[in-house]
Amino acid sequence: MCRHATDLQLAGRLDLAEQLYRGILRAEPRHAAANHCIGMLNVQLRRPSEALANLLAALEVNPENPDYWLGYLEALLLAGQTDDAKATLTLARQHGLD
């Protein structure tokens with residue numbers, strides 16, 4: 001179902017993708033991919049502050065995924081939280097982010 005939501009997101013059907021992600025998260029709140037994808041959807045919609053909680057949830061489940069670090073860093077920067085982004089980058093490097 002997450003893959004289908006991603007396909008919808010890539011096709012520009014953002015409302016439907018968001019509905020699917022939210023459905024996944026209702027059933028499984030710690031679903032890393034759904035948290036990451038809905039977070040990035042919020043970044044795409046220029047709502048980086050709304051994205052942060054979901055992106056952080058994805059990181060907490062899977063801190064070894066570099067895409068999760070990059071998405072969270074992007075949202076922090078777009079939300080104007082540069083100090084937090086610097087601290088997060090240090091932590092991301094400790095988890096293997098190049």
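Thr88 is buried, with a relative accessible area of 10%; buried means under 20% by a 1.4 Å probe on protein chains only. This is a predicted model, in which local features need pLDDT of at least 70 and side-chain atom pairs count only at pLDDT 80 or more, while totals for chains, interfaces and linings use all residues. Residues are numbered from 1 along each chain as its sequence is written, and side-chain values use heavy atoms, with hydrogens and water left out.

Thr88 sits in helix H6, residues 82-94. Helices here are DSSP runs (H or I, at least four residues), numbered from the N terminus. Beyond its neighbours within four places in sequence, Thr88 is in contact with Trp69, Tyr72, Leu73 and Leu76. Contact means heavy atoms within 4.5 Å.

Follow Tyr72 next. Setting aside neighbours within four places in sequence, Tyr72 is in contact with Leu52, Leu55, Leu56, Leu59 and Thr88. The largest nonpolar core has 16 residues, and Leu55, Tyr72 and Ala75 touch the most other members. Such a core is a set of buried Ala, Val, Leu, Ile, Met, Phe, Trp, Tyr and Cys residues joined through side-chain atoms within 4.5 Å. H3, H4, H5 (66-78) and H6 each supply at least two residues of this core. H5 gives the most, with six residues.

Now the helix pairs. H3 (residues 32-44) and H4 (residues 48-61) pack at an angle of about 160°, with their axes 7 Å apart. Axes are lines fitted to C-alpha atoms over the stretch in contact, and angles run from 0 to 180 degrees between N-to-C directions. H3 is therefore roughly antiparallel to H4, a label for angles over 145 degrees. Their crossing is left-handed: the near helix is turned anticlockwise from the far one by less than a right angle. Residues making the contact include Ile38 and Val43 of H3 and Leu55 and Val61 of H4. By class, this contact has ten nonpolar, five polar and one charged residues. Ala, Val, Leu, Ile, Met, Phe, Trp, Tyr, Cys and Pro count as nonpolar, Asp, Glu, Lys and Arg as charged, and the others, Gly among them, as polar.

H1 (residues 2-10) and H2 (residues 14-27) also pack at about 160°, with axes 8 Å apart. So H1 is roughly antiparallel to H2. H1 passes H2 in a left-handed crossing. Cys2, His4, Ala5, Thr6, Leu8 and Gln9 of H1 meet Leu14, Leu16, Ala17, Leu20, Tyr21 and Ile24 of H2. These residues divide into nine nonpolar, three polar and no charged.

Technical notes. Parallel < 35°, antiparallel > 145°, perpendicular 65-115°, else oblique. Buried < 20%, exposed > 50% of the residue type's maximum accessible area, 1.4 Å probe, protein only.
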